[in-house]
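Let's take a look at this one together.

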Amino acid sequence: MREIGHFIDGQNVAGTSGRTSDVYNPATGEVQARVALATADELQAAVDSALAAQPKWAATNPQRRARVFMRFVDLLNQHMDELATLLSSEHGKTFDDAKGDVIRGLEVCEFVIGIPHLSKSEFTEGAGPGIDMYSLRQPVGVGAGITPFNFPAMIPMWMFAPAIASGNAFILKPSERDPSVPIRLAELMIEAGLPKGVLNVVNGDKSAVDDILVHPDISAVSFVGSTPIARYVYATAAANGKRVQTFGGAKNHMIIMPDADLDQTVNALMGAGYGAAGERCMAVSVAVPVGEETAERLIEKLVPKVESLRIGPYTDDKADMGPLVTKEAKARVTGLIGKGVEEGAKLLVDGRNFKLQGYEDGFFVGGCLFDHVTEDMEIYKTEIFGPVLSVVRAKNYEEALSLPMKHEYGNGVSIYTRDGDAARDFASRINIGMVGINVPIPVPLAYHSFGGWKASSFGDLNQYGTDSIKFWTRTKTVTSRWPSGIKDEAEFAMPTMK
Ligand code: NAD
């Protein structure tokens, strides 16, 4: 059995705790590897390595830091197929989707190649007689990132790229479900010229996370995962004096206006609802047709498409989606579908008994479609994180708008319409962090930034974009005075600009 350890001080090291977690091939249901779960001593070894490497890395001029990322981007392109295969084999998503996972992270690495420009700061000449004032953006020191299973390439890169480009050392605690790609990324960073110790990967579970949250030498923590853990990490890291940002779960709605192009809308819904088997924080899980006629037309077009979804292992290059990540995830999703039926929602397409020949033990769930879902139902309130789309019918635009507005989560939302007035009103009034207008999964590009509102995010700076440079640096403001020729007298009142 393949054993996956940690990546500390520039090399792979075996775990020593004796505690491991199984890593599955979700398509076959087989355990294909065991990942070590770190002890506090192993985390300490990573912190020691990071502390030793960080000052020299921070003193490396930003162009040289950028060049490491230039080479890393080249390496990611060279190793794209290898990375995507590794990723699919542990996550279950299709090969093309896995490439998208790597590419969305790669784009953040391209963005941070601009670090010489991004880290320039402010300067005021002549703020007073002989006085100049300027601000420096300096690295926080050692940062840590805790990442979810569903994007094992992209989300680690969202975090470590801006952190490291800004002169920090970084400790990544990836998901124990699919830990191989994060380790491979760290190896490629070393190959790209990153000094050892600047990026360490410590595998583990809650215990490793808890050790990170109280470690006195870790200054900032970024987290992406489910909302209950995001709340916990936010509160615990803050109570331990750390800078912290955490991103949680979602329930993303798509509002479908009567004037929307329905063929375009249905295609968008299929990709956004069932791509990656719904295991995306930006998946659309609620469709809100406005008016009964729109609802009827939508359902008529959706049902055959959901029924004919092609489901397969990542080796099937024609598959639309793969299995769920674990047996537990499958049990949770099918349990929620059962709850929806009990609560009275109409299950138009039931994928619970889907079986794939030759892959009977895989964690597959077929596409499911619910109609007549209402706000009080569990399947509406809870993030299902599976291939399940719920249709909630709204009488008019105001009622449709009120649904995502009232929902606990606020990650993404979209509207499909040809009416510019409606689209503009929607973008302006909605209380959600990322909005699509005729775009189903409005994940911003690397030079904007990613973040939800409400229970989808805690903390005030987003992932990537210029926000990330702010998160991974702190401001120092210098006031300097060269008073040649100026006569000084003691001043006892608060100095002001009189
Ligand atoms: P998760 O919360 O179970 O795990 C996330 C990380 O937290 C993992 O590294 C895990 O080891 C760790 N962890 C798990 N339980 C913990 C505990 N009790 N204490 C401390 N740490 C713990 O999430 P997941 O199942 O890996 O990922 C899916 C979730 O992530 C979904 O809710 C999805 O919406 C969310 N997500 C959000 C975004 C976003 O940007 N908002 C992006 C991707 C995924």
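In which sense do strand E1 and strand E5 pair, and over how many bridges? E1 (residues 2–4) and E5 (residues 30–36) run parallel, with three bridges between them. A word on provenance: this is a predicted model, where local features need pLDDT of at least 70, side-chain atom pairs count only at pLDDT 80 or more, and totals for chains, interfaces and linings use all residues. Numbering starts from 1 along each chain as its sequence is written, and side-chain values use heavy atoms, with hydrogens and water left out.

Strands here (E, at least two residues) are DSSP runs, numbered from the N terminus, as are helices (H or I, at least four residues); strands pair if DSSP finds at least two bridges between them.

| Strand pair | Sense | Bridges | A bridge pair |
|---|---|---|---|
| E1 and E5 | parallel | three | Glu3 and Arg34 |
| E4 (residues 20–25) and E5 | antiparallel | six | Asn25 and Glu30 |

E4 and E5 form a hairpin with four residues between the strands, and Gly29 has a positive phi near 80° there.

Now the inside. A nonpolar core is a set of buried (under 20% relative accessible area, 1.4 Å probe, protein chains only) Ala, Val, Leu, Ile, Met, Phe, Trp, Tyr and Cys residues joined through side-chain atoms within 4.5 Å. The largest has 66 residues, and those touching the most other members include Phe69, Phe160 and Met189. Helix H6 (residues 154–165) is its top contributor, with 10 residues. Another core, of 64 residues, lies apart from it and includes Val349 and Ile432.

Key:
Buried means under 20% relative accessible area, exposed over 50%, partly exposed in between (1.4 Å probe, protein chains only).
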